[in-house]
Amino acid sequence: MDREDRRDFLARSAALAGASLLPYSTSARAEPPPEIKKIRFMHDPSICNAPTYLAIELLRLDGFTELPLVPAPALGANSIADGHADVGMCDVPSLIPVLDTEKRVVVLAGIHAGCWELFANPRVQAIRDLKGKTVAISAIESGEHIYIASMLAYVGLNPKKQVNWTVSGSYPDSMRLFVEGKADAFLGFPPQPQELRAKKIGRVIVNTTQDRPWSQYFCCTVTANKDFVRKYPVATKRVVRAYLKATDICAREPERAARFMADKGYEPRYDIALEVVKAVPYSRWREANPEDSFRFHALRLHEAGMIKSTPQKIIAQGTDWRFLNELKKELKA
């Protein structure tokens, strides 16, 4: 296929993808036009990140013309705080240390709970058994580091003193250390848990989609740069609307969302994509208060001495629910 044929093929593919989402168009005729046409999305590849990919297509239908994906560093929220990306999906645990330092990020909506699974070797039967054990993480203050720290604090362990953290540098390397027996546990997210189960490696001691109290709280949220929200409130509302409608697609039509992921190459294995999208509780945004998730984890981390701010301060300085509350009425949530 030559360059012109490939360009034409990609254009037709994008048009077909957009056409398939027409019933979910984000157009809001009563609102003024958005202030800008370009929005940069933080890209942290994962199947549960499906709402980001779908939201981008919905925003194309809404008239936005430039919607690039910006690769996220190990601590993804920092790319938004530093202005390299405007918006993206960030998990609650990794956001809390960022909000504790009062960086320029603001959480706009909860998206879904679950998706993380804590795998361990036979020596570890429960969270308490991690005392004195080695846990593989991609980076200090990464999502999995903070999430496991919150779990440890919840059962009375000190995450700063009673667990040995080994920093791998990446999610794949953390799983590799666990598979090679160089770590006793690691917290994986799709498709890592599916791959480990297929190979019959390790056992799950916490499934955050199913096990309380973790299943009660949001994992991923819509997060934006504070300056972006202040300058472009109309565009921000369009973004949040697109995310919520995209999340509804995942909840109501998982086959459609999984096929979209496979066709676009975000997760080429349709069966894996479908398994994950079906399992993740994407309808949670309609039912739960996202403040509760920040309060729960921030309290654990504050008690463990990992953050200085109280949960109340974290919520006050790092969240803005105006758009969510307006859209819940519009979308009958």
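Modeller: Let's start with Tyr 266: its relative accessibility is 29%, so Tyr 266 counts as partly exposed (buried means under 20% relative accessible area, exposed over 50%, partly exposed in between, with a 1.4 Å probe and protein chains only). Keep in mind that this is a predicted model, where local features need pLDDT of at least 70, side-chain atom pairs count only at pLDDT 80 or more, and totals for chains, interfaces and linings use all residues. Residues are numbered from 1 along each chain as its sequence is written, and side-chain values use heavy atoms, leaving out hydrogens and water.

Rings of Phe, Tyr and Trp (its six-membered ring) pair if their centres lie within 6.5 Å; planes under 30 degrees apart count as stacked, over 60 as edge-to-face and the rest as tilted. That rule gives 13 aromatic pairs. Tyr 53 and Tyr 266 are stacked, because their ring centres are 3.7 Å apart and their planes at 5°. Tyr 53, at 1% relative accessibility, counts as buried.

Next come Tyr 154 and Phe 296, a tilted pair because the centres are 5.8 Å apart and the planes at 50°. Phe 296 is buried at 9% relative accessibility, while Tyr 154 is partly exposed at 41%. Both belong to one aromatic cluster, whose members include Trp 116, Tyr 147 and Trp 214.

Phe 296 has a charge over its ring too: the charged end of Arg 300 sits there, 4.8 Å from the centre (NZ of Lys or CZ of Arg must be within 6 Å of the ring centre and within 35 degrees of the ring normal). Arg 259 does likewise over the ring of Tyr 270, with its charged end 4.1 Å from the centre.
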